[in-house]
Amino acid sequence: LFGDLGKGPYVRYTDFGIQSLHGLLNAFLLVLSNYSLYRYLERKSKKDIILWALFLLWAILKLGRQLIISQCIQSIFILLYYLKDNQFDLNSFKNRIIRLAYISKSYITPSISSGSLFKFSKSNIFWLLRVFTCLICLIYLFDAIGNSRNADKFSIIGLGKASPEYPKFLPSGILWIYLYITSPLSNVNHNIDFLQPNYLPLNLLDGLIPTVITNIFGVIENNSYDWKLVVEFLNVSSFHKNFLLDFGLYGSLFVYFIMSLLFQRIYLRSLKSRLVCWRFICVVILHNIVLSVFVSFFTHIVFIAQIIIHFLLQY
């Protein structure tokens with residue numbers, strides 16, 4: 001952080017110590033974050049929510065965008081599980097949002113009755129403003145960390161080749177997000193017709209082996225097709241890349257089918273079991289699905305470790 005502020009050399013936290021240990025510690029941080037939020041929802045203790053905020057602050061100080069996003073997404077799914085347990089009516093919530101949109105459009109304040117779906121009050125306005133403010137802050141934070149992670153301080157507006165019509169008043173974090181969402185599928189489409197798969201899980205195993213081992217014994221050698229990027233600096237290719245390189249198009253479809261059966265079993269277990277570990281495991285899988293448009297976390301050692309830790313803590 002000090003290096004990024006110009007008070008020393010530019011270094012990342014992965015430049016220190018044993019590289020594989022960083023991934024394990026990130027897994028522990030996510031586990032502790034999940035437990036602290038879950039305990040807060042159950043006990044309503046300020047101590048637990050402060051702990052959750054400190055874990056998020058630690059990820060911010062490390063300038064780790066992916067860690068920040070992972071913690072936030074997993075926290076959202078934990079919150080959804082809690083709302084479901086407390087019989088939160090999603091249809092009622094949807095109706096309230098529709099009613100709010102109607103109110104905003106017509107600028108008419110409805111009469112409030114005991115059966116009203118949405119009470120148009122100052123507290124509701126302040127709640128919406130807080131949500132909007134948090135979203136804006138997250139976009140600016142994503143932008144600031146993204147720019148700070150590049151030593152030459154390039155402008156994403158120029159590097160992303162934004163058209164002249166792009167509104168310059170918008171934070172560049174919006175362009176960051178747009179490029180992260182669209183470029184992975186662009187890279188997949190660019191390579192799909194020229195694949196030369198291994199028909200062995202070499203790329204998947206490469207992601208599961210700790211860095212300290214690959215540094216000693218070397219990366220797994222494979223003769224797979226060299227994945228070509230449409231734009232060199234946009235190197236995300238969704239979760240499809242490793243599966244396509246290892247199994248090809250039809251082999252990947254079969255693997256996805258098997259994975260979906262496994263995930264469905266875990267999800268049903270999370271609904272029926274009284275053991276909280278199954279919910280945490282399902283939260284990690286749901287997180288992986290949400291971010292699968294960017295990268296494959298299904299075979300990422302950090303999130304495999306997180307699942308194992310949640311399971312071992314329960315038993």
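1. A nonpolar surface patch of about 920 Å² is formed by Leu1, Phe2, Leu5, Ile50, Leu51, Leu54, Leu57, Trp58 and Leu61 in this predicted model. Patches here are built from residues with over 30% relative accessible area and no salt bridge, with like charges joined within 9 Å and nonpolar side chains (Val, Leu, Ile, Met, Phe, Trp, Tyr) within 5 Å; a salt bridge is a side-chain nitrogen of Lys or Arg within 4 Å of a carboxyl oxygen of Asp or Glu, and accessible areas come from the Shrake-Rupley method with a 1.4 Å probe.

2. This is a predicted model, in which local features need pLDDT of at least 70 and side-chain atom pairs count only at pLDDT 80 or more, while totals for chains, interfaces and linings use all residues. Residues are numbered from 1 along each chain as its sequence is written, and side-chain values use heavy atoms, with hydrogens and water left out.

3. Leucine 5, one of the patch residues, lies in the segment before helix 1 (helices are DSSP runs of H or I of at least four residues, numbered from the N terminus). Leucine 5 counts as exposed because its relative accessible area is 57%, the cut-off for exposed being over 50%.

4. The second largest pocket has a volume of about 400 Å³, and of the 19 residues that line this pocket, Arg12, Tyr13, Trp58, Leu61 and Lys62 are the closest to its centre. On a 1 Å grid over the protein atoms alone, a pocket is an open set of points with protein on both sides within 12 Å along at least five of seven lines, a cavity is a set where a 1.4 Å probe fits but cannot get out, and lining residues have an atom within 4 Å of a point. Helix 1 and helix 2 (46-61) each supply at least two lining residues, the largest share, six residues, coming from helix 1.

5. A search of the whole structure finds one cavity of 30 Å³ or more, and the largest cavity has a volume of about 90 Å³. Its lining consists of Tyr38, Glu42, Ile78, Tyr81, Tyr82, Asp85, Val276, Arg279, Phe280 and Val283. Helix 1 (19-43), helix 3 (65-85) and helix 11 (277-290) each give at least two residues to this lining, and helix 3 gives the most, with four.

6. Leucine 312 belongs to helix 12 (residues 301-314) and is exposed, with a relative accessible area of 56%. The C-alpha atoms of leucine 312 and cysteine 277 are separated by 8.6 Å, although these residues are 35 residues apart along the chain.

Definitions and conventions
Points joined across faces, edges and corners; volume = space filled by probe spheres on them. Buried < 20%, exposed > 50% of the residue type's maximum accessible area, 1.4 Å probe, protein only.
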